[in-house]
Amino acid sequence: MNIHPLIVEITQIAVLLVAAPLFTGWVKMVKCWFQGRTSPSLFQPYRDIRKLLAKDVTLAENASWIFRFTPYLVFGVSIMAGGIIPILSMDLPLSATADVIALVALFAIARFFTALAGMDIGTAFGGMGSSREMTIASLAEPAMLMAVFAVSLVSRSTSLSQMALVVSQGHAMLRPSLVFALLAFILIALAETGRVPVDNPATHLELTMIHEAMILEYSGRHLALIEWASMMKLFLFTTLGIASFFPWGIARNDDLVAVLAAIPVLLFKLGIVGVGLVLIETGLAKMRIFRITEFLGSAFLFATLGMLSFFMLE
Amino acid sequence: MSLSPFLLVACSFLLLAFLLLIIPVLRSNQKHLIFAGSALMMLSALAAVAAGIWTVSSGAMSRVILPLGLPDLPFHIRLDRLSGFFLVVIGLLSSFVSIYSLGYLKGYLGLRPVTSLVAFSALFLGGMFLVVLADDAFIFLVAWEMMAASSYFLVLFEDERIENRRAAFLYLIVAHVGAISILLSFGVMAGLATDFKGFGGYAFDAMRETALPAGWATTAFLLAFAGFSAKAGVVPLHVWLPEAHPVAPSNVSALMSGVMLKTAIYGIVRVVFDLIGDFPWWWGALVLVFGLVSAVMGVLYALMQHDLKRLLAYHSVENIGIILIGIGLAMIFTSFDMSLLAALALIAGLFHTLNHALFKGLLFMGAGAVLHATHERNMEEMGGLIRFMPWTAALFLAGCVSISALPPFNGFVSEWLTYQAFLLSPSLPSPLLNLLIPLGAALLALTSALAAACFVKAFGVTFLGSRRGRHHGIIHEVDWSMRTGMLLAALSCLGLGVMPTLVIKWMDPLAEELAGGTIAASASGFGWMWLTPIAAERASYSAPIAFLGVLAVVIITYVVLHARPGAIHRVPLWDCGFEKVTDRMQYTATSFAMPLRRIFGYLFSIKENVHHYPPASHPAFPERLHYHLRVRDRFWMWLYQPVVDASFWLSRRIGRMQHGRIQVYLIYSFVTILVLLIFSR
């Protein structure tokens, strides 16, 4: 039975909004288990967001409209991206809105404004966070493009639905180019979503924080939106990886059963990715900021190898 | 006589000529002069835009032979699609800048007369129009010189400052070295067109019809590319650009950076695609490599600047690089007869030409507004201007977002098209190119990410935070005309970014004429909302949906969250419980770029000095620190300093012959005559 594509789209965005905090909660929980600590509840992120939404906003006197506009923009961009990435179905009305390059640019505009907001108040921390975030982003971008390039060689397309479709139709054989691209993508995703070893989302230590330094002055509903959006960003990068490299289980059309079946498959994959992420985060220490060049340099190298191996082996 | 594109162009020139005629009359009343100058230049530019849009869409070619010039060598004028497109590029920004000039030039009232500025602006604009209309080498070079000379005087406008004179002199030298190179290139083509007999080959038509032998064609191309590169500011011929653009009045910088550089792009496209026409792939590769180097080096040098206008000037180097990337790819695709992809790459390059004109013009106008209000170019003295100049800040931000290639503004569309052209390069039949070209795409990605970092710095340090400078003078927003000029440019940036399919459809016949392929059918195959350059399955981008979608979510979230009356408490800045936070604790432009300066430091020559004042009793407790940083262009030291040194050495040697004694000079003359007599027996 086919359902209206718009319903699929709305379902997908609803899944994004609901599952993103859940995924963050899951990662935190597994991390606590691995580190031998008592974990907070799986639903703690929801409580945090609800608490922040209920609070008043404390705003610095010299904050401009950019500071107040940024949380809404970042949130809006995340929702838009959630409508584009094939999370549940490959046949989305919005999927043609942006290919993967335009999607990366959508995230870039959110980052651009977050960095501006960091500089808006005029504290040393804000500027430090903005400077570091933009530095890391500049190094991640070429690697990201090369990874996209390697994947698009296989699917002859940069459209996300098309990429997912081609990979899911292909035999489950091991394509060396995709393996290298996946390795590169994992490194880039760690950098882009601000996880250990590039940034630590749990820290508020002056010298190590990057993303947290930019948003240090936020409070109340603004902070709620930013936190929610960064949870969505982690979720979206995960689903972007799933759609490009492990698209099996994502519905290919608007069939009701297929779309409904995609949800448990997605949750299963997210569970596994969460454990993997925790393994990386507990296994590695945070890097010094100038070591990140090498980290992202190796991501670039992996992606280039992926491209070369496509030309040589496939 | 019915209305035609050519008539509009003629009107445009007549308006400029009229302005030049009435300048002597209006000299005594500077206010009227500024008004007449701005109004007439705006009308002239608008007429050119109308003519250009009309020509590109209708394809009507008009040509005329003017009974001017030397005997038997009349001037040829031709208005075709390529000229039409560049008329639009030049005219559109010039009309916005003319409105802006109205307010900007008023700043000089009572300080200095602006007569020369208005006169040379008119000549400059006329020169640029004439360059793209020229249809023979003679008038092309006359127009080229007219443009170069008038812009020299514009750079020199505030000539009491030594740096302005130095910059103008450097600009003059590089412009002329470039002009010689272009002249030689035309010489090669014109000479071979008539087998070095007679002068008939100087018309572009004769050059078009001649198929040059490969060696001569390469010579002509290399000379032309070198000459036009000097004008465009391609690395390593870029050093004049960050010197000359910042010191010119801001409305002139906007025109120089926004459109004058584009005449060089026009020259490259005209010579390569139209006059020579047939070329091997490595020409394209050469253009591509120079484009990539310019893009990356331009943005890296820009990051190191703390002078707002200098920063913008280095970004022109970067963007010229991006345009050349598109053109280089188009040349590679053309040489392999892949006309569809060539059309895509060419459209990407030309679209970026138009976009860069608009956003760079906007940014220079914004920088000019800041300069107008604060009398300051050094970003380290600024900060918090968004509170005093909300309009300028918002419009400058639009320019920043455009140049950083972020959706939904126009810079993103053309860079996205360039990426698509890159991603299609694996279909080239050469394995070497298949492997190397994607690395170029990675460099382009690096460039646009660094540009974003640079504009977070530029906007953040200038407009956000709080004032860093020592002089806390009163700052107020600029007047309506300057705001209107910027607003129109910003709206065009947004419009071109949201409606790219319409522009591409309009430009498509031009690409078809030059590259032989058409992408209009596939690019807007799914209606005007979806940009699908080759096929929908390949890649698609819908700017209107992305823009309206994000906007809708922003509005809905805002409304939902404000349904509950939640208070916003404005409080003083949290200072972590220490003593008061001061303005000097903010990140500065220099500190913002520090991580990138360290990562890419090997590309610059950096001198860093820390002095302790006075020498502290213990190194842990310095009383005062003095930090000095100097970042210099390596190319200056590698390429230019030796030339400067050599010419000084040579002139000192020659200078020994000058004693100031008349007897010695008479001996020189006598010896010269003797030598001449011996050789010309």
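Me: How much space lies in the largest cavity?
Reply: This is a predicted model. In this model, the largest cavity holds about 260 Å³ of space.

Me: Which residues are closest to the centre of that cavity?
Reply: They are A:Val104, A:Ala105, A:Glu141, B:Tyr419 and B:Ser448. In total, 21 residues line the largest cavity.

Me: And which helices supply at least two residues of that lining?
Reply: In chain A they are α4, covering residues 100-120, and α5, covering 124-155. In chain B they are α15, covering 410-423, and α16, covering 431-463.

Me: Which one gives the most?
Reply: Helix α5 of chain A does, with six residues of the lining.

Me: How do the lining residues divide into nonpolar, polar and charged?
Reply: For the largest cavity there are 16 nonpolar, two polar and three charged residues.

Me: How many cavities of 30 Å³ or more does the structure hold?
Reply: It holds eight of them.

Me: You mentioned α10 of chain B. What does B:Ser250 in that helix touch?
Reply: B:Ser250 is found in helix α10 of chain B. Leaving aside neighbours within four places in sequence, B:Ser250 is in contact with B:Tyr100, B:Tyr104, B:Lys309, B:Phe364, B:Gly368 and B:Leu371.

Me: Buried or exposed, that serine?
Reply: B:Ser250 is buried, because its relative accessible area is 0%, and buried means under 20%.

Me: Switching to pockets. What is the volume of the second largest pocket?
Reply: The second largest pocket has a volume of about 1,100 Å³. It is lined by 48 residues, and those nearest its centre are A:Pro201, A:His211, A:Glu212, A:Glu227 and A:Ser230.

Me: Which helix gives the most to that lining?
Reply: Helix α9 of chain A gives the most, with eight residues. The lining of this pocket divides into 26 nonpolar, eight polar and 14 charged residues.

Me: New topic: how many disulfides are there over all chains?
Reply: The search of the whole structure finds zero. A disulfide is a covalent bond between the sulfur atoms of two cysteines.

Me: Is B:Cys493 buried or exposed, and what about A:Cys32?
Reply: B:Cys493 is buried, with a relative accessible area of 0%. A:Cys32 also counts as buried, at 6%.

Me: Back to chain A. How many helices and strands are there?
Reply: Chain A has eleven helices and one strand. The radius of gyration of chain A is 19 Å, close to the 20 Å from the globule rule for 314 residues, so chain A is as compact as a globular protein of that length.

Me: What share of chain A is buried?
Reply: Buried residues make up 63% of its 314 residues. One of the buried residues is A:Met163, with a relative accessible area of 3%.

Me: Where is A:Met163, and what does it touch?
Reply: A:Met163 is found in helix α6 of chain A, residues 160-169. Not counting residues up to four places away in sequence, A:Met163 touches A:Val100, A:Val151, A:Ser155, A:Ser157 and A:Thr158.

Me: And chain B, how many helices and strands?
Reply: Chain B comes to 24 helices and five strands. Its radius of gyration is 27 Å, close to the 26 Å that the globule rule gives for 681 residues, so chain B is as compact as a globular protein of that length.

Me: What share of chain B is buried?
Reply: Buried residues make up 59% of the 681 residues in chain B.

Key:
Residues numbered from 1 in each chain as written. Chains lettered and ligands numbered in written order. Predicted model: local features only at pLDDT ≥ 70, side-chain atom pairs only at ≥ 80, totals over all residues. Heavy atoms only, no water. 1 Å grid on protein atoms, 1.4 Å probe; cavity = no way out; pocket = protein on both sides within 12 Å on 5 of 7 lines; lining within 4 Å. Points joined across faces, edges and corners; volume = space filled by probe spheres on them. Helix = DSSP H or I, 4+ residues; strand = E, 2+ residues; numbered from the N terminus. Nonpolar A, V, L, I, M, F, W, Y, C, P; charged D, E, K, R; others polar. Disulfide = S-S within 2.5 Å. Buried < 20%, exposed > 50% of the residue type's maximum accessible area, 1.4 Å probe, protein only. Rg over C-alpha atoms; globule rule 2.2 N^0.38 Å. Contact = heavy atoms within 4.5 Å.
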